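The sequence and the model come next.

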Amino acid sequence: MKNKIGDVEKLLEEKNIEKLKMAEESEKLQSDKRKLIEEKEEMRNEVKNILEEKNELSEKYKDLDTKLLIQKDKLSKYEESVASLTGEIETLKFEKSNIEERIKEVDGYKEKYESRNKKLEEELKATKSSREQLASSVSQLITDTNELKEKVEFNSMEHEKEKLKFEREREDLKSAIEEKELTLAELQKERPSKGFCCQ
């Protein structure tokens, strides 16, 4: 009888020990689950932050593209202005050449009809005056055009520097976006392995 009681007490003790172990294990599992839930929440916040950074970088990227287009448009207008002035100079040179040819003809008439050339001399004086005025205008226009060309060349260099700067910034932003996308992809791959199914 005493043996049976001893066996029962021993069995109860073993059951109590097993119960305590199961309670400890259950508590440990609950603790692990809470930690996993906290880790999941942290990762969600991190993913959210990365997405926000990605969107900000995308906006900056678009803004740089817009600035580049504006710079290209300005440069194109400067080049058109130079081309237009160059065309005007060529036209004035052609007109000057025609006037000089006419002056030569008038000079020839003067030598041949000197006795009747009073009226012709008036025309010659007027023509010479026109030539001098035109030569002065052409000289001033050439000077102004050279100054404008220098200004355009300087502006072109500045625009090119700005363009290179914007392109470098765009490449940096593009690399940053790609890096964020890779980080996001890695976090999404790690999500199943972190035991998020235990919610």
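Q: How many helices and strands does the protein chain have?
A: The model is predicted: local features need pLDDT of at least 70, side-chain atom pairs count only at pLDDT 80 or more, and totals for chains, interfaces and linings use all residues. Residues are numbered from 1 along each chain as its sequence is written, and side-chain values use heavy atoms, without hydrogens and water. Helices (H or I, at least four residues) and strands (E, at least two) are DSSP runs, numbered from the N terminus. On that basis the protein chain has 2 helices and 0 strands.

Q: Is Gln-71 buried or exposed?
A: Gln-71 sits in helix H1, residues 2–112. Buried means under 20% relative accessible area, exposed over 50%, and partly exposed in between (1.4 Å probe, protein chains only). Because its relative accessibility is 16%, Gln-71 is buried.

Q: Which residues is Gln-71 in contact with, leaving aside its neighbours within four places in sequence?
A: Contact means heavy atoms within 4.5 Å. With those neighbours left aside, the partners of Gln-71 are His-159, Glu-162 and Phe-166.

Q: What share of the contacts in the protein chain with a separation of 6 or more comes from residues 24 or more positions apart?
A: The contacts of interest have a separation of 6 or more. Among these, residues 24 or more positions apart account for 87%.

Q: Is Glu-42 buried or exposed?
A: Glu-42 belongs to helix H1. Since its relative accessible area is 54%, Glu-42 is exposed.
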